[in-house]
Amino acid sequence: MSEAPRSMETVQKLKFYQKGTHTVGNRLISEAERNVQASIERSNSLTCGHRACQGCGEALGARYAIDAAMRAANNQLIAVNATGCLEVFTTPYPETSWQMPWLHSLFGNAAAVATGVAAAMRVTGKPQVRTVAQGGDGGTTDIGFGCLSGMFERNDDVLYICYDNEGYMNTGVQRSSATPPAARTATTPTLGTEPGNVFGTGKFVPKIAVAHDIPYVATASVADLHDLEAKVTRAMSFQGARYIHINVPCPLGWGASSGDTIKLARLAIETGLFPVFEAEHGRITQVRKIRKRAPVTDYLKLQKRYAHLFKGGVPDPRVARIQAMADRNIADYGLVEA
Amino acid sequence: MAVKHPYAITLDVGTSRVNHTGSWRTLRPEYVDRLPPCNAACPAGEDIQGWLSHAEAGDYEQAFRALTANNPLPAIMGRVCYHPCEGACNRAQIDEAVGINAVERFLGDLAIEKGWGFAAPDKDTGKKVLVVGAGPAGLSAAYHLRRLGHAVTIREAGPLAGGMMRFGIPKYRLPRRIIDAEVARITAMGVTLTLNDKVDDIEKAMTAGGFDAAFLAVGAHIAKHAYIPAAGAAKVLDAVSLLRSMEGEEPPLLGRKVVVYGGGNTALDVARTAKRLGAEEAIIVYRRTREKMPAHDFELEEALDEGISMKWLSTIKNVDGGVMQIEKMKLDDKGFPQPTGEYETLEADSLVLALGQDVDLSLLDKCPGIEIENGVVKVAPNMMTGRQGVFAGGDMAPSERTVTVAVGHGKKAARHIDAYLRGADTPSTEKHGLASFDRLNTWYYEDAPATVRPMITAARRINTFDEVVGGLDETNALYEARRCLSCGNCFECDNCYGVCPDNAVIKLGPGNRFRIDYDYCKGCGLCAAECPCGAIDMVPEQL
Ligand SMILES: Cc1cc2nc3c(=O)[nH]c(=O)nc-3n(C[C@H](O)[C@H](O)[C@H](O)COP(=O)(O)OP(=O)(O)OC[C@H]3O[C@@H](n4cnc5c(N)ncnc54)[C@H](O)[C@@H]3O)c2cc1C
Ligand code: SF4
Ligand code: SF4
């Protein structure tokens, strides 16, 4: 080019988009560089005929994650499942949707059972067979939390994946310790002066997992498949305890349209409500930046569990508190490009 | 089953695939193709999204073939088309329109460089069609008629083919070797072109040549004259003759100070030509305002950049030697210019009138059934004139008078002439619904890798000056093509295949798109919501 090169600064300000960069596949790149989900060869570990609701984020997240783990483990993978939607909708006896070795024991002991499976593989001389444990937020953040922390603490060679849909959904949408403030559930009805779930309770398990200094912790979302698959693949490259927490919208429990599942997951990221990051050995190593920042109202308004915040057209002061939570995440994790 | 079941177990285990969850569905996803706004806006009816998709993959020859299925003149288009496609492009609502015209030019130039030609038709129909005039309308009709297997003869009055593209549009916007190359590609298909061969009487010409049909495309070449009293040795010329004489041996003499009267593209071309001929000052006098000027704003900008000056709201009352009386105008409530009675004088060596052109219709004098309205030939929706078998298009028919409209007329007429010759029904022109912006999920189209950006910004800047400066090189043409969102047409991004929680989308492999497995599709609508380009509709299930 004959003209003087533009300074990087002006260049960065210009926005140029390239076709399909964020899509599941991209016919313009080589087959090998594409996502597992773009391939006809994907293992479909969780196959059709399952009884999850229409537009279930958890069914989607589980196939995304397990298919990626299957590829990373050369299909030498055993899954242990906690009780929860994922277990119920995939394995109503005598049917199973799992096209891989899969075990279910109790609600709270998935991490411990997985520890045993991993040990069994080791002592029987099959170290190439890897183990994943999986559960919903109920089985992970509440009921199975002790076993999970123990597995972390012992640094057992298990990848634990939590599909967080923010409540006990298949039993009729009850609150869990992952249910966000103000959300309506069967046990946090929209009654009284502070309808919905209270502010200031609950826990964010990824942070607790990081505090165990285990090799790998990440959060991921069904709205960003590239990121999710990269994280599962990275997790599988470690030996020892690993934890991935995936945000999976629930059309039923959240009172959302079945076609909005991915949109909601996307908005959870873009508002800052769900920080997407990666940590190794107790330190945050990577943060996924917000691409197009959105106000929390964009996210809240799509869900009936928050409808009480928008009654009568008067802005409820609690919306500002939720916005403040998002802003705090943005500041704490550095979610917005400086 | 021979296998004995364990205690308290009565059923055989098996896959959940026996459970056909498709029965839950109330809405069903259906793959659709919608009409991209660029395609809808193209006067030549190009499938822009279609040819860009080949260019995106780096298959430029295929892109050229797909493009020329509708328009045989891409290198010309890429220079002179006013690209209404870009005005309609959905991407403009994200950042900037796709540089369609620039990619078109790249493909056109590459085709010339590589010598890509058009195949002669497999079969000849034995029908003969006469095309009168080798401007864009005539050339386009001849090309399409030939592709359909007809024997085509173009009779052209001028010494060279191209019409107003050669004798109007200045060289600095359209180099003549480009016209030559694109015309040669058409004649190489077996189209006969005879030059200096004016048709005076269409009836006679058809009988003498034994033609089964004719397409008239004689353009509009008679300069309109405003009555301006002139005295002394005033040098008054008209724009069409001036530009035409640019193609001759001797450049016209205009003097140091040139005034051009008019507000269209032609006025700008004349003023810019005058500058290039050495005039120190070129002034355009126009009776209305910039907003009301028919010329395109980008052309005006280019002219202003070149130092052309504008006198708005002014009419020329009379010319006396080198002095002109100018009356100031003002716009009335309806936006029409009205005289104010205020005068000023302007000195100039010459005055060029660029007030538009009329059609020379003398070849139709003896033709029965022809109707003339507003100085142009009336045509039916199938482009046929009042005379059976005689069709007309381009500037001589009702038209916006651009090269692209002329090409579109040529194509349309060719299809109808073909139907007429075969005694068939008029070809269907049913179109898909529009792929409007609200149908897109633009989230999936991302920023470019930083390394490409500096190059592309430079190229895009050049491109803003379109024809004055060079075209894109391969890297940035490819990049530009990849900016296309593929509005309304599946680009095999695998999103639907990926986002279905029920594995109910079947991938059929490259080029074959996808199929919904209705045995398992629960109708959640995620595929439709997450399809970036709006190629999936959710349709109520008949229950
Ligand atoms: C100065 C100028 C600049 C322009 N710039 C642009 C531009 O940038 N972009 C754009 O899109 N449009 C532009 N236009 C308009 C465009 O050139 C015309 O709309 C277009 O060329 C019309 O095509 P046509 O085929 O109908 O007629 P023409 O191009 O006029 O061609 C008609 C042909 O028929 C021949 N002919 C006439 N009578 C007879 C006869 N009796 N027998 C045989 N042959 C005959 C003529 O010699 C001529 O070759 C411009 C026009 C002018 C005047
Ligand atoms: S983005 Fe592509 S398909 Fe859509 S209008 Fe623009 S050029 Fe046409
Ligand atoms: S989601 Fe992608 S692959 Fe599916 S129809 Fe739309 S463009 Fe095609």
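# Notebook: ligand shells and the B–A interface

I began with ligand 1 and found that one of its oxygen atoms lies 2.9 Å from a backbone N or O atom of B:Met164. I looked for polar contacts as pairs of N or O atoms within 3.5 Å; within protein, one atom must be able to donate a hydrogen and the other to accept it, and residues adjacent in sequence count only if both atoms are side-chain atoms.

Notes on the source. The model is predicted, with local features needing pLDDT of at least 70 and side-chain atom pairs counting only at pLDDT 80 or more, while totals for chains, interfaces and linings use all residues. Residues are numbered from 1 along each chain as its sequence is written, chains are lettered from A and ligands numbered from 1 in the order in which they are written, and side-chain values use heavy atoms, without hydrogens and water.

**Ligand 1, continued.** I found a nitrogen atom of ligand 1 at 3.0 Å from a backbone N or O atom of B:Ala157. A polar backbone atom of B:Thr402 is 3.3 Å from an oxygen atom of ligand 1. I then took the areas: ligand 1 alone exposes 990 Å², and the protein buries 95% of that (Shrake-Rupley method, 1.4 Å probe; for residues, only the protein chains shown count as cover). In chain B, α7 (136–147), α12 (265–276) and α14 (403–422) are the elements that give two or more residues to the shell around ligand 1. Helices here are DSSP runs of H or I with at least four residues, strands are runs of E with at least two, and both are numbered from the N terminus.

I listed 33 residues around ligand 1, of which B:Val80, B:Glu156, B:Arg173, B:His221 and B:Asp395 come nearest; near means that a heavy atom of the residue lies within 4 Å. By class, I get 15 nonpolar, 11 polar and 7 charged residues in this shell. The classes are Ala, Val, Leu, Ile, Met, Phe, Trp, Tyr, Cys and Pro as nonpolar, Asp, Glu, Lys and Arg as charged, and the others, Gly among them, as polar.

**B:Thr402.** I located B:Thr402 in the loop between β20 (390–392) and α14 of chain B. A polar atom of the B:Thr402 side chain lies 3.0 Å from the backbone nitrogen of B:Val405. Leaving out residues up to four places away in sequence, B:Thr402 touches B:Tyr82 and B:Asp395; contact means heavy atoms within 4.5 Å.

I read off the residues around ligand 2, including B:Cys38, B:Cys89, B:Cys484 and B:Cys487. Two or more residues of this shell come from each of α1 (37–41) and α2 of chain B. The ligand 2 shell divides into 10 nonpolar, 2 polar and no charged residues. Around ligand 3 I found 13 residues, with B:Cys490, B:Cys493, B:Cys496, B:Phe514 and B:Cys531 nearest. The ligand 3 shell holds 10 nonpolar, 1 polar and 2 charged residues.

**Chain B against chain A.** I counted 67 residues of chain B in contact with 56 residues of chain A. The two chains bury about 5,600 Å² between them, 52% of it on carbon and sulfur atoms; buried area is the accessible area (1.4 Å probe) that two parts lose on being put together, summed over both. On the chain B side, B:Trp443, B:Glu446 and B:Asn503 lose the most area to chain A, together 14% of what that side buries.

I found 2 salt bridges between chain B and chain A, taking a side-chain nitrogen of Lys or Arg within 4 Å of a carboxyl oxygen of Asp or Glu. B:Glu530 forms a salt bridge with A:Arg266, with the closest N and O atoms 2.9 Å apart. I also counted 35 residue pairs in polar contact between chain B and chain A, both residues at pLDDT 80 or more. Among the elements of chain B that each supply at least two residues of the side touching chain A are α15 (453–464) and α16 (474–482). α15(B) gives the most, with 8 residues.

The whole structure has 51 salt bridges over all chains. I checked B:Arg166 and B:Asp180, a salt bridge whose closest N and O atoms are 2.6 Å apart. B:Arg166 is in helix α8 (residues 164–167) and B:Asp180 in helix α9 (residues 176–187) of chain B, 14 residues apart.

A:Pro94 is in the loop between α3 (85–90) and β3 (95–96) of chain A. A:Ala182 has a positive phi of about 80° although it is not a glycine.
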